[in-house]
Structures are given as structure tokens and as C-alpha cells.
Amino acid sequence: MNYELIKATPANLEELIKYKLSSILDYASSITEEEREKIKKYVRTNVPKQIDNYQMIVFNDQVIGCLLITKHDDGVLLDEIYIKPEYQNRGIGTDIIGSLRERENIAYLWVYKENEKAIKLYKKMGFKIVLESSSRYYMKCGGENMEEMIDVLDEHTGEKTGEIISKREAHQRGIWHGSIHVLIVSNDKKRTLLQRRSAGKNLYLNMWDIAVGGHISAGEDDITSAKRELEEELAINVDTLNMERIDRIMERFINNGVISNEYVSVFVLYADIPISSLELQEEEVSEAKWCTKDELNRFIENKEIIPHDQEFTILNDILED
């Protein structure tokens, strides 16, 4: 990815103050004018003291944001990551946070509750809420029991065995577990929504896929998981839409060293959703498009889409020419 992190200098001071104020005040709409002035005073006093720890994010020779990481408790604190709006949704922030996770065993951050998009990203990258104030969440990634955990299923019955393991272990050992797939079909049944997986995925990167898929977390039921994945990946609130569970299938595949054995709950959602209204989760989805039955089958024939053969049979039965 074509960006650099360059140590900040005193020449960047006013820029850093501007970024810091924006990262706070843009997501603190409920504060009073008096509190706002206190924040401004605090920022102008403290940013100069921390300038040696700041890094500037540079993209194509242009400064597009800043990064501040400091030592904290038993790990590090992602004190600030700011990227100008016009450079967001390019995977830069995701890459920076991913690199931080690779270097550090434990990381913390504070995020304003109003910043829902950032919260979704942090959760997807393994951060969990451990504390909260009236306006912010305190999140942690790493340490014990911070991996995504899933219920082990009996291979023959699909029922929970009572054992809980990490998703990573399940994929290493080929342990059976649960997932959901949501097929999104237009109300006239002439089109289906597909997503293209991001380049940062471990499996089938850059390939087309059914609209939404994900793992069922430990203790979670399939309908809750389907709603959560729709919200996280595409920002679709299903409560007001027509979604139904239509099947539960067994799916097995091996790709890029991952052994996936899953009982998949298949849902269909009938809705006419404009592509422009979707908020794609950048570390999961790079693109979305509506396809006709013929277009879907061309993707299948050309092997441009993940081979969910049973779901393709379902879709071909649903879609009309």
C-alpha cells in the first residue's frame, strides 16, 4: 500500500492540533460550549508535549493524517489515528492497525460512541469493549481470551458439543462449526446482490461472493449472527426488511491453508437496496453489485466467484430470467 509513516516535526504542529481537534469534536456533539473550549485549550497545551511520538501519514507525497502510539499498561495505546475524509475507505487505516496488531501482543484505544463506523472496524480487527464512559468506549485487543471464539458442532448432527474453541484453531484442525450466508434478492426476483472480497482477506481474496457471510460466535444463534453480519459488512438494518431462513447445509473447503468445515444457515433477504446506500466494511468488502441470473452463472462458469454450489442452486431456483 502506497503510504509512509514519517516522524513529525515542529513544522507539523498546527496540522497535528487541527487533526486532534477534529478527531475529538467531530464525535462529541453533545458537549457544551464550555467543555468544547476546555478541550481546545487541553489540545493546544498537550500536543506540543507529545510531538516526538507523533508520526505523519503520507500518501503520494501528501500528508493525509497522523498517528500517535504510546506505551500503556501491559501493551500500547493507539492514542490517535486520523485520516482526512477524502483518503478514508482506501484500507490505509486498516493496514496501519493490522500492522500494529502484528507487532504488539496487547493494544488499547478509546473511541467515541458516536463514531459507529470506527467501532465496527475495531471490532472486526479483534478489539473488544472492556470499559465505557458516558461518551466513549475503552477497547482492548490481545491478551488472553481475545480471539474470536466459536461453538464446536458435532459433525454428524450439527448440534453443539459444549466445547468452545477459537476460529483460528477450528480452521487449523478442520473442526466443524457454524456460519451464516445471506442471499440478497431484489423484490422482483430478477437480480441478486454480490460482494467482492477485499485484498486483505485470508481466503479467496478479490473473488466475488454471495452478499453476506460470517461465523456464528460462541453462544450466538444464527439469526442474531445474520443480522450482525449484515450490519457490519454492508450497514443494512434487517429489522425492517423481509428476511427468512430457508436452509441449513454442510459446506467443506480448503483454501490457502485453511480447512473449513461448516454447518451453514442460509437466509434470503428480499429488498431493493441501492448500491450507493451501502457502507462497505473496507477490510471485508471492496465492491458490491447487483447481478442478473445470467451474470451470476457467467461468474460461476468463469470461476470468478467462491464455489458455494448449494447456494448457487438455491439462487438459480429463486431468480427469474
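Are Tyr 19 and Tyr 82 buried or exposed? Both Tyr 19 and Tyr 82 are buried, where buried means under 20% relative accessible area and exposed over 50%, with partly exposed in between (1.4 Å probe, protein chains only). The model is predicted, with local features needing pLDDT of at least 70 and side-chain atom pairs pLDDT 80 or more, while totals for chains, interfaces and linings use all residues. Residues are numbered from 1 along each chain as its sequence is written, and side-chain values use heavy atoms, leaving out hydrogens and water.

A search of the whole structure finds seven aromatic pairs, a pair being rings of Phe, Tyr and Trp (its six-membered ring) with centres within 6.5 Å, called stacked with planes under 30 degrees apart, edge-to-face over 60 and tilted for the rest. One of them is the stacked pair of Tyr 19 and Tyr 82, at 4.8 Å centre to centre and 20° between the planes. Because Tyr 19 lies in helix α1 (residues 13-25) and Tyr 82 in strand β4 (residues 75-83), this pair ties together parts that are 63 residues apart in sequence; helices (H or I, at least four residues) and strands (E, at least two) are DSSP runs, numbered from the N terminus.

Ring pairs also link Tyr 108, Trp 110 and Tyr 138 into a cluster. The table gives charges that sit over a ring, meaning that NZ of Lys or CZ of Arg is within 6 Å of the ring centre and within 35 degrees of the ring normal.

| Charged residue | Ring | Distance from ring centre |
|---|---|---|
| Arg 136 | Trp 110 | 4.4 Å |
| Arg 191 | Trp 290 | 4.6 Å |
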